[in-house]
Structure formats: structure tokens, C-alpha cells
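Let's walk through some interfaces and a surface patch together.

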Amino acid sequence: MAAVTTELTKTGDSPRRNGIGLRARSARRTRVIRVLAMLPFGLFFAVPLIALIEFSTRSSDLYGERTLEYWRAIGDNPDLLIALRDSLLLALITSVVALALLVPTMVWVRLRLPKLQRVVEFLCLLPLTIPALVLVVGLGPIYLWIAYFTPAEYDSSPLVLAFAYVVLVMPYMYRALDAGLQAIDVRTLSEAARSLGAGWFTVMVRVILPNVFSAVLNASLLAVALVLGEFTVASLLNYDNLQVAINLQAQASVGVSVALAAAALIFVFILLFALSFVGRRRSTAKGK
Amino acid sequence: MTSTVGVPAGQSTRTGRRFSLSWLGVVPFFAYVGLFLLLPTGLVVIQAFGTPEGQPTLSNIRALGESYVLTAFWRSIQLSFATAAIGAIFGALLAYLVVSGPADGLLRRTVTAVAGVLAQFGGVTLAFAFMVSVGNQGLVTLLLQDTGISVSGGWLYELSGLIVVYLYFQIPLMVLVFLPALDGVKPQWREATESLGGSTWAYWRHVAAPLLAPPFMGAFLLLFANAFAAYATAAALISQGGIIIPLQIRAAMTSETVLGQENVAKALALGMVIVVAVAMALYSWMQRRSARWLQ
Amino acid sequence: MTESLTRAGVEVRLEGLRREYGAVTALDGLDLTIEPGEFIALLGPSGCGKTTALRLLAGLEDADGGRVVVGGKDVTGLPTNKRDMGMVFQAYSLFPHMTARQNVAFGLRLRKVGEAERNRRAGEMLELVGLSAQADRYAHQMSGGQQQRVALARALAIQPTVLLLDEPLSALDAKVRASLRDEIRRVQLEVGITTLFVTHDQEEALAVADRVGVMNAGRLEQLGAPTEVYGQPATPFVAEFVGLSNRLPATVSGSKADVLGASLPTVAASVSGPGVALVRPEAVDLVAVDSAGSDDPLTGSIVAVSFLGAVTRITVDLGTHGKVLAQMPTSQAAGFSTGDRARLTFRPAPILVVKA
């Protein structure tokens with residue numbers, strides 16, 4: 001299928017043919033209209049972000065002095081720093097646990113239990129249909145047990161949120177990993193390795209993982225981005241993560257809150273842009 | 001498996017054991033999903049029909065009939081419908097502008113990357129971003145007041161405000177979902193229509209519109225479910241009360257004052273999951289249908 | 001065949017057509033006249049401008065210069081949907097939400113033909129391409145070959161003045177390609193429509209067309225009957241592109257060329273003096289020779305024998321003059337095997353001699 005399409009585009013003589021079937025003639029004419037039509041969209045999406053940065057760098061309203069005071073104040077606020085640390089830890093734990101759970105299962109199902117593939121896919125994508133809010137309602141009792149078994153010194157540590165976060169990131173990680181696994185022939189690779197005397201552990205770590213490395217990286221970055229932005233589960237289960245702390249801090253100083261929100265957002269933006277770069281590099285490498 | 005023909009009887013038990021050993025490999029996954037996804041969902045369903053002491057009751061479900069709950073449901077539906085409709089129309093328009101743009105792909109890559117980020121963007125930061133742009137002390141509000149136009153930011157904390165804020169992630173989501181559908185529309189169809197004597201209007205009416213209607217409707221349903229289930233943005237924007245169902249659930253969960261009301265949250269959650277599940281099921285049905293046409 | 005399907009073909013003239021994409025000249029002043037009812041194939045490598053020529057004729061692109069005249073009428077400025085041309089595309093051109101019958105009837109629907117009448121005519125067209133049984137199928141329920149037949153029926157249903165075929169067989173597998181190729185020719189003869197067929201496959205072009213035009217770099221290199229293009233290539237490009245050619249040193253004097261001692265007639269476009277003769281493998285015959293120590297430049301040893309079914313290809317190493325390919329019916333090749341000595345003889349067909 002893909003081979004046919006490349007063949008077709010190659011033999012087509014005209015260098016520009018648009019997806020929707022717009023002709024070169026009208027495409028030239030509509031270029032101006034297109035730019036004009038995109039302006040309002042750009043405005044709608046840019047203004048709130050600009051305002052966020054603007055607000056966090058002004059001492060008072062519109063005509064106040066430029067200042068980085070709020071940004072500096074983040075470092076002086078122990079509550080925010082602890083929440084930031086916990087959220088970063090949570091992101092790390094969630095990625096590692098979700099990968100440890102998903103990668104072996106997905107590979108194993110492909111190799112030995114292909115009948116289960118649809119079930120695993122359904123379960124992994126199920127959290128898209130069950131809103132986080134519903135999950136929280138049901139997780140309430142389960143977290144009571146977790147709190148009961150937690151040693152006293154770790155009481156109220158938000159790190160236990162990782163249990164729920166693994167479920168929340170599952171659909172996104174599943175898709176990223178599935179794309180990676182689809183690009184290689186897991187069965188042939190592992191059969192080749194096994195015929196050379198490799199055990200299952202070696203197959204997984206030395207053969208499969210290196211080949212889906214960019215998919216794993218992709219999935220992990222997605223998980224990190226999602227965990228850093230998570231608010232619903234943490235706030236309703238009464239744990240302090242980054243977003244909950246930002247929200248609370250707003251009552252004391254809106255400026256500091258907005259500065260931290262902007263900082264977290266910029267970090268996530270960079271992360272997700274890096275992610276789209278990782279994905280592209282993989283696909284071009286595949287094309288060549 | 002031709003090798004099973006004529007093998008000694010002992011061989012089959014070995015295959016049987018290997019079979020069960022393969023199953024061991026997926027136990028951790030199923031155990032985890034069972035404990036942290038299926039169990040909580042099951043608890044919601046079961047406890048929606050029970051008292052905190054575990055006695056079966058319909059009183060939680062009956063609470064769904066209370067006028068304040070019905071009003072919240074109605075507002076949630078209005079919010080979801082409005083943001084899904086507006087988001088679908090403008091998202092489709094933006095996707096079309098991208099697809100019909102230059103073929104070098106720079107515009108497209110940029111828009112896809114940005115849309116990928118913004119579709120997941122919500123919660124506290126998004127609420128803040130709108131407060132500081134169109135809230136009472138917001139950038140746009142102040143700029144407009146400077147030019148003598150009197151505006152207030154109060155609308156932001158009502159249903160109309162939620163609609164505008166939700167569009168910030170609904171439109172990008174639509175772009176992401178609708179772009180592949182537009183890609184599936186082949187330039188040959190346009191050219192075939194023209195060579196058969198059809199005008200641009202005939203092409204849109206007889207070919208493009210019928211082909212794009214299923215994916216458009218599917219995307220609308222996805223957006224509807226997405227808005228219906230969204231909590232964080234609304235919660236950060238509106239800290240009190242329950243104008244929509246997600247905020248009602250918050251109120252029911254955090255109300256420790258009203259005894260015997262704990263499980264009303266579960267009934268509300270059950271109502272929500274039913275609405276979302278129906279919309280998502282219709283969405284995936286539509287997706288499958290249009291995948292046959294637009295690959 | 002039903003009366004309504006036949007229609008006298010019209011003459012199509014392309015006059016000095018030019019088309020540029022930025023710095024790339026896709027079409028560099030193309031002149032081509034297609035006689036009424038004639039089937040012309042444009043053949044060339046990708047990027048040679050053949051598809052551009054077809055798209056300009058269809059009106060799908062605008063010419064930067066030149067005219068398109070159909071049946072004596074200048075249609076250069078006319079949009080595609082007013083040109084009345086049936087077109088078959090490379091692939092995937094059927095409307096996926098319509099059945100085969102609805103696809104074929106679509107052009108008639110645009111012409112406001114009543115439902116009963118257009119279904120009747122669509123049925124007739126599907127019968128013409130042998131797909132009556134598949135009338136209610138959707139594109140995704142049909143094979144690639146069936147889809148292209150429906151596309152042909154759809155193009156013909158509007159009784160167009162000209163039929164345009166844009167590499168309609170290139171996405172199909174070899175077997176289907178050959179049978180559909182003959183099918184297209186049969187239908188074209190039956191309907192009698194003026195046809196332009198664009199392809200990069202020489203076998204296709206030579207098999208179906210009344211005349212073949214070989215294109216290169218936006219220009220028409222040669223236009224002639226298939227036998228003419230194949231047997232007497234007018235330019236080095238045509239000789240290289242159409243079929244395989246041996247390259248042998250030659251000296252031309254008058255209308256004769258001396259090729260390693262053999263005297264052969266030349267075509268008009270040949271150079272005079274020393275050059276390189278382009279000789280088709282099937283114009284080379286072999287005679288078995290016993291001795292090893294001959295000075296004859298036409299004698300060499302066989303280095304490869306490849307059996308291709310009905311024909312066999314034998315490679316002879318001439319030493320300093322390189323290797324020569326000879327192709328003959330397998331029955332005649334039976335006596336030769338690798339290591340044997342053999343002497344080349346040439347059939348007296350005119351050859352092209354180009355600059356060395």
C-alpha cells in the first residue's frame with residue numbers, strides 16, 4: 001500500500017498536488033485568503049499565552065515595571081519546591097512503572113498470545129472512555145487502603161498517586177509503543193535471537209528494546225508531560241502535586257502562581273516539541 | 001500445527017503446561033489493570049446503588065432526579081454541545097487551511113505539533129491563562145478599558161466563559177482528529193468530478209461532503225465526550241458550587257457535612273460515564289465506517 | 001453494440017504547448033495531432049512531460065503557452081468541467097461512497113439525466129467492460145483491475161469527445177495489466193473515440209497504440225507506428241528507451257554502415273563517419289564456430305545463456321569490442337551453451353548510428 005502510493009507520487013509529473021484536490025491555479029489565488037483566515041486562530045491561541053508571560057513579569061497592572069520578582073519568588077517558597085520535586089518524582093516513577101508494565105506485556109502478547117492482543121488494546125485505551133474524574137470517585141476507597149498500609153513516615157506523600165497515574169497515561173503510552181512495535185517484526189527478531197541461543201530476558205533487553213528505543217522515549221516524554229499537568233486526581237484525593245500547589249498558591253500571590261504555571265507550561269512545551277522531533281526522526285530514518 | 005499429528009500422549013501435557021506458562025507473562029498487567037482501572041470503575045457502578053454501609057438502595061440514583069442535578073446535567077450538555085459544535089467547525093476549517101496549504105509541510109508540521117500540545121492543555125494553567133487575559137485584571141480587558149470600551153471579566157466564570165476556555169483545547173483536538181480524514185480525500189476525486197462535468201459546488205455537494213460527514217460527526221462526538229468529562233479547567237476557574245456535572249461531583253465528594261450523601265458522587269459519576277461511553281462508542285463506530293472510504 | 005455508444009471521433013491538436021514549474025520546464029513546445037478515432041500512446045520516463053501534456057489537454061492545469069484545439073474548436077481557456085473529456089486515472093479514482101453503477105452514472109447525474117435513463121446507460125457501460133455482475137459493489141469490494149474497468153466505464157458513460165488514460169495500468173500486477181490493456185483497446189475500437197494514453201511502460205504503448213510518441217525532457221522525440229518506433233528509432237534516446245540495444249563501433253558512408261566488418265543499412269537520422277551502432281538483440285543471430293583462434297572481430301565466446309520462456313537471450317563476449325546480447329526463439333538456441341564459440345550475423349534491418 002505504502003509502496004504503491006510512493007510509486008504514484010513519483011510518476012506524477014506535477015510537483016504540487018494538494019491533499020484536498022485544490023488545483024494549482026486556485027491555490028495561488030487563495031494563498032492570501034488562507035493567511036488572513038489563519039490570523040484569528042493565531043490570535044485566539046497566542047493571546048492567553050502572551051498574557052501569562054506578561055502577567056508574570058509585571059509588578060502591577062498594565063503599566064507596571066518589568067520584573068522577574070515573581071519568578072525569583074518560586075525559589076523562596078518551600079511548598080512550591082516540594083510540590084515541584086514530588087511531581088518530577090511522580091513523572092519518573094509513573095514512566096518507569098508504566099513502561100515496565102506495558103513493554104513486556106505488549107511484546108509477550110505479540111509473540112505468544114496474539115489472541116489477547118485485542119483485549120490488551122481495549123484495556124489500555126479504556127481510560128480514554130472512563131474520565132479521570134470517574135476513576136477518582138472509584139479510587140477513593142482504594143486509596144484509603146493504600147493510606148492504611150503506608151508506613152507513617154510516608155503518610156500523605158503524593159508519590160502514591162503514581163498508582164493512578166500509570167492508568168491515566170496508559171492509552172497514550174500504548175499508542176506510542178504500538179507504533180514502535182508495528183514498525184519492527186517482533187516475532188522474526190526474537191525467533192532469530194532465540195535461535196542464536198538468547199533467553200527471553202536477553203531478547204527483551206538486547207534485541208527488542210534497542211529497536212523500539214525512540215518509541216519508548218516518545219512514550220516516556222508523553223507520560224512526563226501528562227503527569228506534570230495532572231490536577232484532577234491529586235486535588236480530589238487531597239494530595240499536593242505541582243498543579244494543586246500552584247492553584248493553592250494563587251490565594252497568597254497570583255503573580256508567583258502564574259510564574260510557576262508559565263514555567264511548568266514552557267517546560268512541557270519544550271518536552272512535547274522534542275517529542276514531535278523524536279517521532280519525525282524515526283519516520284525519516286524508516287523512509288530511507 | 002502439523003507436529004501434533006501422531007505425537008506420543010505425553011507430549012500434549014507439555015504443550016498444555018507451556019500454554020499456561022505463557023499466560024503467566026501477562027498476569028502483572030491484568031492484575032494492575034484489574035486493581036486500578038476495573039475495580040474503581042466497578043466500585044463506582046456498585047456503590048452508586050448502595051448506602052455507605054453497603055445496603056442496596058436506589059436513593060443515590062433518585063438524587064439524580066433532583067432539580068439541581070438535572071440543571072447541572074443540562075448545563076454540561078449545553079457546554080459540551082456548544083464547544084463540540086464550534087470546535088468541530090473551526091477545527092475542521094483550520095485543518096482544511098493546513099491541508100490546502102503549501103505542500104512543503106512546514107506549516108503542517110508546525111500546526112500539528114502545536115495542536116498536539118494544546119489538545120492536552122487544560123487545568124490550572126489554562127484557567128490562569130484566560131484569567132490574566134480576559135479576567136477582571138486581564139490583559140485584553142485592561143487594553144479594552146484603556147481605549148474606553150467598558151468590559152468586565154465576570155462572564156469568564158460562567159457557562160459562557162467555560163465555552164470559550166474549552167475551545168482552547170477542543171479546536172486543536174479537532175485539527176488532530178480531522179487532518180487524517182482530509183488526507184484521505186484523494187485529489188483524483190476532484191479531478192474525476194471535473195472531467196465528468198462537475199463544478200466545484202458539485203464536487204463538494206456530491207463527493208467531499210458525503211465522504212467527510214461521517215468523520216466529522218465522529219469527531220464531534222469525540223469532542224462532546226472530551227468536554228463532558230473535562231474537570232480540571234472548570235475546577236480551577238470556578239472554585240465554588242456545581243454549575244456543571246464534574247463540579248457537582250466535586251461538591252458531592254467533598255461535602256462531609258451531609259451524611260449519607262457520599263455515594264451520590266458515585267451515582268453522578270455513573271451518569272457521566274454512561275454519557276461519555278455512549279458518545280465514545282458512537283465515535284469509534286463512525287471512525288470504522290469512514291476508514292473504509294478514507295484510508 | 002448499442003447505437004448510443006458509438007460516436008465519430010474528433011481531431012485533437014496540441015500546438016506549441018508550454019508548461020513550467022518554477023525553474024523546471026515540464027513541457028517545451030509540444031506539437032501533436034491526434035486523428036479522429038486514433039489511439040496515441042505517449043511514452044517516456046517519469047518527469048518527461050507526458051502526464052503534463054495529458055493534464056493540459058484535460059484542462060486540469062493551465063498552459064504557459066500554446067493552444068489546445070479539439071474538433072476545430074480552441075478549448076485552451078475552457079475549464080475541465082466544460083471540456084467533455086473522459087479521464088481514467090492511475091488508481092483510487094472511484095468515489096468510495098458510491099457503488100460501481102452510481103460511479104458510472106455520476107457524470108449523467110451531473111448532466112441532469114433522469115434516474116431510470118442513467119441507470120440503464122450505466123448498466124450498458126458496465127456490460128461493455130464486462131462488470132454487469134459487480135454493479136452494486138463498492139470500490140473497496142473490488143480488485144484493482146475491476147476498479148479500473150469501472151473507471152473506464154465511468155469515463156465513457158458521458159460520451160466524451162476524447163478519452164484520456166493517465167497510466168491506468170501502473171498500479172496493477174503484471175497479469176491483470178496485460179488483459180486490461182487489451183480490454184481497453186477493444187473498448188476503444190468499439191466506441192471509436194479519439195484516445196490519448198500516457199504510460200512509462202513501452203510494452204503497453206507498443207501493444208495497444210495506433211501511434212506511439214516517445215517523450216523526453218518536455219519534447220516529443222519520435223512519433224510513429226509501434227513497429228517504426230521500435231525498429232527504426234529516430235534518436236539515440238528512443239533507441240535506448242524503447243527496448244534493449246547493443247552498442248557496437250561502426251563507420252557510416254552513404255546509407256550503409258560498416259559494423260565490425262558487416263555492412264548494414266542505416267536510418268536517415270544516423271551520423272556519417274565513425275560512430276556507435278545501436279543494434280537490437282533480436283536483430284543478432286548466432287552461428288556456431290569450431291576453432292578458437294579466429295581473428296574475426298564478430299567471433300567470440302558465449303558467457304551466459306538465459307532462458308526467458310519462449311525466447312532465450314545469449315551473451316557473447318567479443319573481447320575488445322565488449323559484450324553483445326543476442327535474442328532468439330528458444331528452439332533456435334538449443335545448440336548453444338556457455339563456453340562455446342559463436343559468430344554474430346545481423347538481420348538486414350536499418351539501424352541507427354549515433355555519435356560515439
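**Reading patches and interfaces**

A: Leu144(A), Trp145(A), Tyr148(A), Phe149(A), Leu35(B) and Leu39(B) make a nonpolar surface patch of about 750 Å². Keep in mind that this is a predicted model, where local features need pLDDT of at least 70 and side-chain atom pairs pLDDT 80 or more, while totals for chains, interfaces and linings use all residues. Residues are numbered from 1 along each chain as its sequence is written, chains are lettered from A and ligands numbered from 1 in the order written, and side-chain values use heavy atoms, with hydrogens and water left out.

Q: How do I read a patch, and which element gives the most to the nonpolar patch?

A: Patch residues have over 30% relative accessible area and no salt bridge; nonpolar side chains (Val, Leu, Ile, Met, Phe, Trp, Tyr) are joined within 5 Å, like charges within 9 Å. Accessible areas come from the Shrake-Rupley method with a 1.4 Å probe, and for residues only the protein chains shown count as cover. Here H6(A) gives the most, with four residues, and Trp145(A) is found in that helix. H6 of chain A and helix H2 (27-47) of chain B each supply at least two residues of the patch. Helices (H or I, at least four residues) and strands (E, at least two) are DSSP runs, numbered from the N terminus.

Q: Now interfaces: how many residues do chain A and chain B bring to their contact?

A: Contact means heavy atoms within 4.5 Å. By that rule chain A brings 76 residues and chain B 83 residues. Buried area is the accessible area (1.4 Å probe) that two parts lose on being put together, summed over both. For chain A and chain B that comes to about 7,300 Å², 79% of it on carbon and sulfur atoms. On the chain A side, H2(A) gives the most, with 13 residues. That side divides into 57 nonpolar, 12 polar and seven charged residues. In this scheme Ala, Val, Leu, Ile, Met, Phe, Trp, Tyr, Cys and Pro are nonpolar, Asp, Glu, Lys and Arg charged, and the others, Gly among them, polar.

Q: How many salt bridges are there between chain A and chain B?

A: Side chains of opposite charge can pair when their charged atoms come close. The rule wants a side-chain nitrogen of Lys or Arg within 4 Å of a carboxyl oxygen of Asp or Glu. Between chain A and chain B the count is zero.

Q: What about chain B and chain C: how many salt bridges does the rule find there?

A: One. Glu191(B) pairs with Arg55(C), the closest N and O atoms being 2.7 Å apart.
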